[in-house]
Amino acid sequence: MVQVFQPNLIIQFIKENGTNIKVKKDEYIYHTGDKTDCIYLLLSGEVFVCRMQPEGIELVTHFLNEDSIFGAVTLFCGPKTFSTFSQAKVDSELLRIEKHMFEEAIYAHPEFTKEWMKWVDIERSRHSTKIRDLFMFGKYGALASVLIRLTNSFGVKKSNGVLIDTKLTNQELAKLIGTSREVVNRHLREMRNDGILTIDKKKITVLDLEELKRINNCENCDINVCQIF
C-alpha cells in the first residue's frame, strides 16, 4: 500500500531516549484521568486508544500499530489528564518518554518542530473526518468508513481484493464505530450477501472497495488522512 507520512526524526529520538515497557494483551497503558506526563511509541503489537461514551458504549478513537506515537494530545498545555484510555489489543512492546523531555526536544530542534507540526495537522484532519463519517451516514456508513481506513492502514492487495491483514472480532469492529456487536453482525452479513467482502478466520477481504466508498459518500481524502491510526 502507499507509504504514509511518519515523523521519522521524532520516532528515532524516542527510540534513543525512551524507556522500554512491555504490556500483555488487554493490559491498560494509561487510564482516563491519569496525568499526561508521558508520550508513548509503539514498537510492536497493536493498541487501542478508547473513549467511553455517555451511554456506556466504548469507542475506539485510534487503532495503532508499529511506530505509532500516542499520548501526545496535551503538549505545551501544562498539567493535564487523559480523557481517553489505552489498552493493548495483543502483547505489545512500547517506549515511554517523559513529556517535558519531549517538549524540550521539539523546542530545541527546528527539524523536529516542522515534523511535529505536520503530524499534528494530519492527526487533526483524521479526527475531523472520522467524526464526520461516524455521524453523517449512519452505522452502515460508519462501518464502511472504518473498513476503507483499515484497507489503507493494514491492507494487502490480493487477486480478488484487499486483505485487511489483522484479526478483528465483531466486538472490536463495533467499538471502532461506537455501536453494539449485534449491529455490526447485521451490517457485515449484508455486506457479505452483497459481495462487498468476505471474512475468513477473523480477517476481512474487501472485494468491492468502490462500493464501500459509495456507501460512505467518500471524498477521496489524502491517504495520510484516511487511516485508522
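This is a predicted model: local features need pLDDT of at least 70, side-chain atom pairs count only at pLDDT 80 or more; totals for chains, interfaces and linings use all residues.
Colleague: How many residues does helix 3 give to the lining of the largest pocket?
Modeller: Let's start with the pocket itself, which has a volume of about 660 Å³. Strand 4 (47-52), strand 5 (58-64), strand 6 (69-70) and helix 3 (110-136) each supply at least two residues of its lining. Helix 3 gives the most, and its contribution is six residues.

Colleague: Which residues lie nearest the centre of the largest pocket?
Modeller: The lining holds 24 residues, and these divide into 13 nonpolar, eight polar and three charged. Nearest the centre you will find His 62, Ala 72, Val 73, Thr 74 and Glu 123.

Colleague: Which element provides the largest share of the lining of the second largest pocket?
Modeller: This pocket has a volume of about 400 Å³. Strand 5, helix 3 and helix 4 (138-154) each supply at least two of its lining residues. The largest share is four residues, and it comes from helix 3.

Colleague: How many residues in the lining of the second largest pocket are charged?
Modeller: The lining has 22 residues, with Val 4, Gln 6, Asn 65, Glu 66 and Phe 229 nearest the centre. Of the lining residues, 10 are nonpolar and eight are polar. The charged ones number four.

Colleague: Is the aromatic pair of Phe 13 and Phe 112 stacked, tilted or edge-to-face?
Modeller: The structure holds 12 aromatic pairs, so there are several to explore, and a pair needs ring centres within 6.5 Å. For Phe 13 and Phe 112 the centres are 5.7 Å apart, with 65 degrees between the planes. Planes over 60 degrees apart count as edge-to-face, so this pair is edge-to-face.

Colleague: How many residues apart are Phe 13 and Phe 112?
Modeller: Phe 13 sits in helix 1 (residues 8-17), whereas Phe 112 sits in helix 3. Both residues are buried. Their pair links distant parts of the chain, and the separation is 99 residues.

Colleague: Which residues do ring pairs link into a cluster?
Modeller: Look for the rings of Phe and Tyr residues here. Ring pairs join two of each into one cluster: Tyr 30, Tyr 40, Phe 70 and Phe 82.

Colleague: How many of the residues of helix 4 are buried?
Modeller: Helix 4 has 17 residues and reaches 24 Å from its first C-alpha to its last. That span is close to the 24 Å expected at 1.5 Å a residue. The helix is mostly covered, and its buried residues number 14 of 17.

Definitions and conventions:
Residues are numbered from 1 along each chain as its sequence is written. Side-chain values use heavy atoms; hydrogens and water are left out. On a 1 Å grid over the protein atoms alone, a cavity is a set of points where a 1.4 Å probe fits but cannot get out, and a pocket is an open set with protein on both sides within 12 Å along at least five of seven lines; lining residues have an atom within 4 Å of a point. Grid points are joined across faces, edges and corners, and a volume is the space filled by probe spheres set on the points. Ala, Val, Leu, Ile, Met, Phe, Trp, Tyr, Cys and Pro count as nonpolar, Asp, Glu, Lys and Arg as charged, and the others, Gly among them, as polar. Rings of Phe, Tyr and Trp (its six-membered ring) pair if their centres lie within 6.5 Å; planes under 30 degrees apart count as stacked, over 60 as edge-to-face and the rest as tilted. Buried means under 20% relative accessible area, exposed over 50%, partly exposed in between (1.4 Å probe, protein chains only). The expected span of a helix is 1.5 Å times one less than its number of residues.
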